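Hi everyone, thanks for making time. Let me put the model on the screen, and then we can walk through it together.

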Amino acid sequence: MWLRVLGSAAGGGFPQWNCACPGCRAVRDGSRPCRPRTQSALAVSADRQRWFLLNASPDIRAQIESFPALQPGAGRATPLRAVLLTDAEIDHTLGLLLLREGQAIELHATPAVRETLCDGTAILRTLEAYCRVEWRPVVPGADVPLGAGLSYRAFDVPTSKAARFGHGGQRGRVVGYRLTDEATGRAAVYLPGVQELTADVRAELDGCACLFVDGTCWHDDELVRLGLAGKTARDMGHLPIGGTGGSLEQLSPLPIERKIYVHINNSNPILMDDAPERDVVEERGMEVAEDGLEVRI
């Protein structure tokens with residue numbers, strides 16, 4: 001199985017267009033070593049011929065153009081087979097509208113996510129005016145063959161984040177995916193948004209060879225400290241990396257071959273190659289994703 005990080009930043013990308021935080025300034029003026037990043041998405045394939053997207057970011061066109069394996073062959077024959085959504089956030093779904101030129105899109109999403117895309121953001125209603133959408137209901141806990149040598153099991157990721165649309169307590173608002181190569185049995189987990197590593201969530205990590213996990217903020221109050229927002233990381237549905245009970249403390253001891261932070265906010269110091277926080281992450285055996293990172297398991 002091949003997994004390609006199409007985008008490694010959180011919503012807004014890095015730099016974010018309206019932000020002059022230390023990280024965004026550094027990537028613009030080159031004052032510190034760092035790389036620009038597009039918004040979070042992953043591509044996966046078992047044969048490098050047929051590909052599946054995990055989320056469709058607003059940067060999807062540029063991400064496809066930067067990765068020849070996702071580009072069309074003869075005419076408009078595309079290797080893209082389906083899109084799997086972890087949630088209904090704009091930064092994970094707006095790219096669906098950029099895929100409207102296709103004849104059909106196979107879309108895997110929970111009923112809660114589909115409801116938001118239909119009756120909240122209306123992204124799905126708009127998309128359906130341009131092309132056929134073949135919805136595949138995602139049921140957490142069910143093993144689903146994707147074809148092309150891959151299968152997945154989605155799992156519910158509890159969140160208390162206030163819902164912009166729909167009902168805040170509705171199950172299936174956020175899921176992670178455990179992807180399995182059917183030929184080898186090797187598995188990878190994609191978890192770009194997680195507020196708490198509950199026992200059920202941690203159980204989905206058992207035996208996986210690679211974990212892509214939420215790296216949005218280093219400090220819980222990071223955005224408050226920088227004067228960028230009044231919400232904490234947990235308020236926004238994200239477990240911080242650092243501190244007691246942070247994801248680094250919980251995940252670094254786990255016997256997983258590759259543990260990689262994705263969905264990294266522009267405020268997070270780990271985006272700086274020379275940051276002490278970056279050194280701590282790497283010393284603990286974890287990695288910081290950048291666009292174009294490819295993992296084979």
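Predicted model: local features only at pLDDT ≥ 70, side-chain atom pairs only at ≥ 80, totals over all residues.

Let's begin with Phe212, which is buried, at a relative accessible area of 0%. By buried I mean under 20% relative accessible area, with exposed being over 50% and partly exposed in between, using a 1.4 Å probe and protein chains only.

Residues are numbered from 1 along each chain as its sequence is written, and side-chain values use heavy atoms, leaving out hydrogens and water.

Now the aromatic rings. How many aromatic pairs does the structure hold? There are three. Rings of Phe, Tyr and Trp (for Trp, its six-membered ring) pair if their centres lie within 6.5 Å; planes under 30 degrees apart are stacked, over 60 edge-to-face, and the rest tilted. One of the pairs is Tyr152 with Tyr177: the ring centres are 5.3 Å apart and the planes stand at 80°, so this is an edge-to-face pair. Tyr152 sits in strand E8 (residues 150-156) and Tyr177 in strand E9 (residues 175-181), so the pair ties together parts that are 25 residues apart in sequence. When I say helix or strand, I mean DSSP runs numbered from the N terminus: helices are H or I with at least four residues, strands are E with at least two. Are these two tyrosines buried or exposed? Tyr152 is buried at 3% relative accessible area, and Tyr177 is buried at 0%.

Back to Tyr190 and Phe212: their ring centres are 6.4 Å apart and their planes at 65°, so that pair is edge-to-face as well. It links distant parts of the chain, with Tyr190 in strand E10 (residues 187-191) and Phe212 in strand E11 (residues 210-214), 22 residues apart.

Two arginines also sit over rings. The rule here is that NZ of Lys or CZ of Arg lies within 6 Å of the ring centre and within 35 degrees of the ring normal. Arg100 lies over the face of Tyr130, at 5.6 Å from the ring centre, and Arg114 lies over the face of Trp135, at 4.4 Å.

On to the pockets. Rolling a probe the size of a water molecule over the atoms shows where empty space is left. In detail, on a 1 Å grid over the protein atoms alone, a pocket is an open set of points where a 1.4 Å probe fits, with protein on both sides within 12 Å along at least five of seven lines; lining residues have an atom within 4 Å of a point. Points are joined across faces, edges and corners, and the volume is the space filled by probe spheres set on them.

The largest pocket has a volume of about 1,200 Å³. Which of its 48 lining residues are closest to the centre? They are Glu89, Asp91, Lys161, Arg164 and Met236. Helix H3 (90-93) and helix H4 (111-120) each give at least two residues to that lining, which divides into 19 nonpolar, 21 polar and eight charged residues. In this count Ala, Val, Leu, Ile, Met, Phe, Trp, Tyr, Cys and Pro are nonpolar, Asp, Glu, Lys and Arg are charged, and the others, Gly among them, are polar.

The second largest pocket holds about 750 Å³ of space. It is lined by 22 residues, and those closest to its centre are Thr78, Leu98, Leu99, Glu101 and Gly102. Helix H2 (60-65), strand E4 (80-84) and strand E5 (104-109) are the elements giving two or more residues to this lining.

For anyone wondering about cysteines: the structure holds zero disulfides, a disulfide being a pair of cysteine sulfur atoms within 2.5 Å. For Cys21, the nearest cysteine sulfur is that of Cys19, 3.6 Å away, and Cys21 is buried at 4% relative accessibility.

Last, some backbone details. A cis peptide bond, with omega about 5°, joins Phe14 and Pro15, and Pro15 is in the loop between strand E1 (2-7) and helix H1 (22-29). Ala148 has a positive phi, near 60°, in a residue other than glycine, and sits in the loop between strand E7 (143-147) and E8.
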